Amino acid sequence: MSSKRLFQFVTLCALAFTAVGAGTTAQATTKHHRAATVYSQRNWYPRTRVKVTKGTLYASTTLTKKRAQLSQAKYRKLTYLTGTQYSLKKANGKKARYNYIVSTNGKVKGYVWYGYLHAAKKTAKRTQATAPKPAATLTVSAYRAEFLKDLNAERAQRHLAPLTEDSRYDQIAQQRSQQLLTNFDHSDATSDFIAADLFAQQGVPGLYGECISMDYLDDDQANPNQNVADKNIYSYIYDDADSDWGHRDILLDATTTTIGIGATQKPGSEYVYGAINTGRA
């Protein structure tokens, strides 16, 4: 994770033989407890400047006392600092990550779900001699090349055969990444596995699984496209405990041979939506 900016990475994974993907897998009945508990903590410095436009602010990691609703205008206009993230087991047995935030004026502080945080825009320092730095722009081919290089390096370390990029898989993965802008899920409104339907409709065989992600292009990096692909690979394989290592298992499956890689930048923003489809074509 970059120590300079918030590492916001949201992922989902699904196997082709499941009806609706990992997001709707039935969970075993768990005894409810009154408070959430911390099972890991991550810190970084310098702290990241963020904006928060919605969500509940809690007084502690137990998540038992609500402090504020951050959707209110007086909280939305504030800028916050965050440098600590807690992995929690909630009272309902589900796991989630919460960041500790404090407003730059020091008056508002507490814990909020990490998915509600957005990197604050930097104030450009302009002079007559220096033009403002252009925003980072996604290049799909560069993202694909770096992702596949990183993934096959990880597979080689484990004595697994490399995956081969397939143009048919790429086409569907790119279509899936575009769909994620309005539906960040493996399933449609009728709970059908979208990727499986697309593979069937286009007559492409062998789909095994899908991983999807949302991350950001960091314009502080020399090569933002390579950087976002590197971050995605790391999180899929080494920071996947919250998904029960489902992404890692899909990408490092010994029986798969083929991969499709898609990525779409949300218009007017730094956020990149990625879709990975693996198979046995």
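Which residues does Thr79 touch, not counting residues up to four places away in sequence? They are Arg49, Val50, Lys51, Val102, Ser103, Thr104 and Ala120, where contact means heavy atoms within 4.5 Å.

Before we go on, a word on the model: it is predicted, local features need pLDDT of at least 70, side-chain atom pairs count only at pLDDT 80 or more, and totals for chains, interfaces and linings use all residues. Residues are numbered from 1 along each chain as its sequence is written, and side-chain values use heavy atoms, with hydrogens and water left out.

The protein has 6 helices and 12 strands; helices (H or I, at least four residues) and strands (E, at least two) are DSSP runs, numbered from the N terminus. Of its 281 residues, 47% count as buried, that is, under 20% relative accessible area with a 1.4 Å probe, protein chains only.

Thr79 sits in the loop between helix H1 (73–76) and strand E5 (80–89). With a relative accessible area of 16%, Thr79 is buried. Its side chain also makes a polar contact of 3.5 Å with that of Lys51 (N or O atoms within 3.5 Å, one able to donate a hydrogen and the other to accept it; residues adjacent in sequence count only if both atoms are side-chain atoms).

| Helix | Residues | Residues in the contact |
|---|---|---|
| H3 | 167–179 | Tyr169, Ile172, Gln175, Arg176, Gln179 |
| H4 | 194–201 | Ile194, Ala195, Leu198, Phe199 |

The axes of H3 and H4, lines fitted to C-alpha atoms over the stretch in contact, come within 11 Å and cross at roughly 140 degrees.

How values were computed:
Buried < 20%, exposed > 50% of the residue type's maximum accessible area, 1.4 Å probe, protein only. Axes fitted to C-alpha atoms, helices over the stretch in contact; angles between N-to-C directions.
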